[in-house]
Amino acid sequence: MTETIRIFAGDCTTTFEGARTRTQRGRVVVVVKPDRTVLVHDADGYQPVSWLTRPDTLTVETDASGFGIVARTDEQTLRVVSHDSAGRAEYPATEAGVPVGVHPETGEPLVRVGGAVAGVDTDARYVLPAGATVVEETCDDCGLPLMRAECGAAFELCIDRACESLDDAVRERFDRAWTCPDCDSDLRIIRRGGRLLAGCDAYPDCESAFAVPAGVVVAECDCGLPVFETGRGRRCLDGACDAFAG
């Protein structure tokens, strides 16, 4: 999501009220970030001379004579008042991440930021499944990057779930592949409550359901369910299985 960073510069008096009140004056640059964090920088050193992180309230007033900024939390207040304004500006800002490709329609760079791939110039954003990695290849249909996601098996799919669905891929591979340990009915691949599950086909008579973990099936558990190799080691599809207790 594209937001803005606001920049103010000038001869200012900065007052911080909190555990230790202090007042400073000098020619500074004030940065107001999208999350309302206020940073006051002078010519000395890399650290701000004063700052307030994510205040509860932020007031910014400007006119022809200059600017005034007040940021407050319950216990702290930061005030910046200009005596002589050297200028002010507003610039678009996005999250910075690792480059993973180019959007085929807009031509904008795409970057990996946390659990998503985001566009640098627009609101384009593609949320990735847990543990997924972006690979060098692109989708034959839409041109977006492909991801590698492990969910019972390793799948390479488009990062746009509207183009290719991980749920559909897992369903095609594992629907009815496993048997319910409680009633011997087939386990169906379903999404419920935001989670991908292997749920009993006899529902509601049998309510057994198991979250499908991020990992690949490598063996069969003593209980008859599959064993997954995950980032935290091996585990049964049933996270409470006695075979993996302790």
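**View 1. Strand β13 gives the largest share of the lining of the largest pocket, three residues.** This is a predicted model. The largest pocket holds about 430 Å³ of space. Its lining counts 21 residues. Nearest the pocket centre lie P129, A130, L166, D167 and R191.

**View 2. Strand β16 is mostly covered.** Five of the six residues of β16 are buried. Strand β15 (residues 187–192) runs antiparallel to β16, and six bridges join the two. Across this pairing, I190 stands opposite L197 in β16. β15 and β16 make a hairpin, with two residues between them. G193 sits in the turn and has a positive phi of about 60°. β16 has a further antiparallel pairing, with strand β17 (residues 209–211), over three bridges. There, G199 stands opposite A209 in β17.

**View 3. Seven strands form an open sheet.** The strand order is β4-β3-β2-β1-β7-β6-β5, and the pairing is antiparallel. Which strands stand at the edges? They are β4 (50–52) and β5 (57–63). Each has a single partner strand, so one side of each is left without a neighbour in the sheet. On average, neighbouring strands of this sheet are turned by 30° against each other, direction ignored.

**View 4. Strands β1 and β2 pair in the antiparallel sense.** β1 covers residues 3–17, and β2 covers residues 22–32. The pairing extends over 11 bridges. A9 stands opposite V29 in β2.

**View 5. Residues 4–87 carry a UniProt domain annotation.** The feature reads "domain: Endonuclease NucS N-terminal PH-like" and comes from an unreviewed UniProt entry. In the model, this span is 0% helix and 68% strand. The end C-alpha atoms of residues 4–87 lie 17 Å apart.

**View 6. The structure holds zero disulfides.** C139 is buried, with a relative accessible area of 7%. C142 is in no disulfide either; the nearest cysteine sulfur, that of C158, is 3.5 Å away. Is C142 buried or partly exposed? At 27% relative accessibility, C142 counts as partly exposed.

**View 7. V113 lies in strand β9.** Strand β9 covers residues 109–113. V113 counts as buried, because its relative accessibility is 6% and the cut-off for buried is under 20%. How far apart in space are V113 and A96? Their C-alpha atoms are 6.9 Å apart. In sequence, the two residues are 17 residues apart.

Terms used: Residues are numbered from 1 along each chain as its sequence is written. This is a predicted model: local features need pLDDT of at least 70, side-chain atom pairs count only at pLDDT 80 or more; totals for chains, interfaces and linings use all residues. Side-chain values use heavy atoms; hydrogens and water are left out. A disulfide is a pair of cysteine sulfur atoms within 2.5 Å. Buried means under 20% relative accessible area, exposed over 50%, partly exposed in between (1.4 Å probe, protein chains only). UniProt positions are given in the numbering used here, feature names are shortened, and annotations may be inferred rather than shown by experiment. Helices (H or I, at least four residues) and strands (E, at least two) are DSSP runs, numbered from the N terminus. Two strands pair if DSSP finds at least two bridges between them. Axes are lines fitted to C-alpha atoms, for helices over the stretch in contact, and angles run from 0 to 180 degrees between N-to-C directions. On a 1 Å grid over the protein atoms alone, a cavity is a set of points where a 1.4 Å probe fits but cannot get out, and a pocket is an open set with protein on both sides within 12 Å along at least five of seven lines; lining residues have an atom within 4 Å of a point. Grid points are joined across faces, edges and corners, and a volume is the space filled by probe spheres set on the points.
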